[in-house]
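Student: Could we go through the aromatic rings in this protein together? I would like to see how such pairs are described.

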Amino acid sequence: QVQLVESGGGLVQAGGSLRLSCAASGSIFSINRMGWYRQAPGKQRELVAIISSSGSTNYAESVKGRFTISRDNAKNTVCLQMNSLKPEDTAVYFCNANFLTTPSGYWSDYWGQGTQVTVSS
């Protein structure tokens with residue numbers, strides 16, 4: 001089984017920073033894209049940032065210039081550095097990764113359990 005475990009959420013004042021980390025473990029043959037999504041109360045889950053296996057990145061317009069996604073392929077980890085946080089960034093943040101668990105298997109998406117980020121004004 002594959003697990004994604006997030007850490008680093010918490011409470012921060014507007015303008016502050018947080019760093020989220022996500023570690024993948026288990027039966028992993030290969031990892032394609034990795035990314036972060038978020039879901040605020042009463043809203044749909046939305047993409048925050050994704051990074052390909054080669055390091056190409058894509059960000060939601062609302063976080064461009066403030067958030068930076070990175071990954072360590074050797075450690076199967078992905079991080080999200082969040083700077084200049086705003087109250088509207090408050091949400092549960094979920095790690096997502098696209099895995100191949102065996103050479104002959106299928107690429108599948110896995111999700112972490114989520115970590116709360118709260119930005120106070």
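Tutor: Rings of Phe, Tyr and Trp (its six-membered ring) pair if their centres lie within 6.5 Å; planes over 60 degrees apart count as edge-to-face, under 30 as stacked, and the rest as tilted. Please note that this is a predicted model.

Student: How many aromatic pairs does that rule give?

Tutor: The count comes to 2 aromatic pairs. In one of them, the ring centres of Tyr37 and Trp111 are 5.0 Å apart and the planes stand at 65°, so this pair is edge-to-face. Tyr37 belongs to strand β4 and Trp111 to strand β10, 74 residues apart.

Student: And what kind of pair do Phe99 and Tyr110 form?

Tutor: That pair is tilted, with 5.3 Å from centre to centre and 55° between the planes. Phe99 is in strand β9 and Tyr110 in strand β10, so the pair ties together parts 11 residues apart in sequence.

Student: Is Phe99 buried or exposed?

Tutor: Phe99 counts as buried, because its relative accessibility is 0%. Tyr110, at 21%, counts as partly exposed.

Student: Which rings does the charged end of Arg45 sit over?

Tutor: The charged end of Arg45 sits over the ring of Phe94, 3.7 Å from the centre. The ring of Trp111 also has this charged end over it, at 4.6 Å from its centre.

Student: New topic: what does the side chain of Asn96 reach?

Tutor: The Asn96 side chain reaches the backbone oxygen of Tyr110 at 3.3 Å. Asn96 lies in strand β9 and counts as buried, at 2% relative accessibility.

Terms used. Residues are numbered from 1 along each chain as its sequence is written. This is a predicted model: local features need pLDDT of at least 70, side-chain atom pairs count only at pLDDT 80 or more; totals for chains, interfaces and linings use all residues. Side-chain values use heavy atoms; hydrogens and water are left out. Helices (H or I, at least four residues) and strands (E, at least two) are DSSP runs, numbered from the N terminus. Buried means under 20% relative accessible area, exposed over 50%, partly exposed in between (1.4 Å probe, protein chains only). A polar contact is a pair of N or O atoms within 3.5 Å; within protein, one must be able to donate a hydrogen and the other to accept it, and residues adjacent in sequence count only if both atoms are side-chain atoms. A charge sits over a ring if NZ of Lys or CZ of Arg is within 6 Å of the ring centre and within 35 degrees of the ring normal.
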